[in-house]
Amino acid sequence: MLVLTRKKGESIQIGDDIEITITQIKGDQVKIGIQAPKNVEIHRKEIWVEIQQENAAASTGVGDLFGVLVKAKKE
């Protein structure tokens with residue numbers, strides 16, 4: 001993990017097209033702004049984990065999807 005120190009108004013550049021800017025620091029809370037292409041999904045970590053869990057639950061039972069499709073096509 002790379003750890004950087006930034007002050008309000010300073011930024012971090014990730015690759016050519018993602019910029020993270022510190023917009024406000026208040027107590028133990030930091031607000032950040034993220035500029036990224038529209039095709040880049042940005043989520044809070046806890047939301048991303050929930051999405052992954054829901055996707056895994058939704059895919060349970062379709063492990064042999066191709067087998068199900070072939071069987072349905074024969075009928």
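Modeller: Let us begin with the charges: the protein has 11 positive and 11 negative charges, and their mean positions are 3 Å apart. Lys and Arg count as positive and Asp and Glu as negative, while His and the chain ends are not counted. The place of a charge is taken as NZ of Lys, CZ of Arg, CG of Asp or CD of Glu.

Biologist: On what kind of model do these values rest?

Modeller: This is a predicted model, in which local features need pLDDT of at least 70, side-chain atom pairs count only at pLDDT 80 or more, and totals for chains, interfaces and linings use all residues. Residues are numbered from 1 along each chain as its sequence is written, and side-chain values use heavy atoms, with hydrogens and water left out.

Biologist: What is the mean pLDDT of the protein?

Modeller: The mean is 90, and 91% of the residues reach 70 or more; pLDDT is the predictor's confidence in each residue, from 0 to 100. Where pLDDT is low, the predicted coordinates should not be read in detail.

Biologist: Which pattern does the protein follow along the sequence?

Modeller: The pattern is β-β-β-α-α, with three strands and two helices. Helices (H or I, at least four residues) and strands (E, at least two) are DSSP runs, numbered from the N terminus.

Biologist: Why is the protein called more spread out than a compact globule?

Modeller: Its radius of gyration, taken over C-alpha atoms, is 21 Å, whereas the globule rule gives 11 Å for 75 residues; the value is well over the rule, so the protein is more spread out than a compact globule. The rule is 2.2 Å times the number of residues to the power 0.38. The C-alpha trace spans about 65 × 30 × 20 Å along its principal axes. As one example of separation, I25 and F66 are 41 residues apart along the chain, and their C-alpha atoms are separated by 52 Å.

Biologist: What percentage of the 75 residues count as buried?

Modeller: The share is 4%. Buried means under 20% relative accessible area, exposed over 50%, and partly exposed in between (1.4 Å probe, protein chains only).

Biologist: Why is I25 called partly exposed?

Modeller: I25, which lies in strand β2, has 46% relative accessibility and therefore counts as partly exposed.

Biologist: How do you know that S11 is partly exposed?

Modeller: The relative accessible area of S11 is 26%, so S11 is partly exposed. This residue is found in strand β1. Leaving aside neighbours within four places in sequence, S11 is in contact (heavy atoms within 4.5 Å) with R6, E19, I20 and T21.

Biologist: What makes D17 partly exposed?

Modeller: D17 has a relative accessibility of 44%, and therefore counts as partly exposed. D17 is in the loop between β1 and β2. Beyond its neighbours within four places in sequence, D17 is in contact with Q35, A36 and P37.

Biologist: Why is I42 described as partly exposed?

Modeller: The relative accessible area of I42 is 45%, so I42 is partly exposed. I42 is found in the loop between β3 (29-35) and α1 (45-59). Apart from neighbours within four places in sequence, I42 is in contact with I34 and A36.
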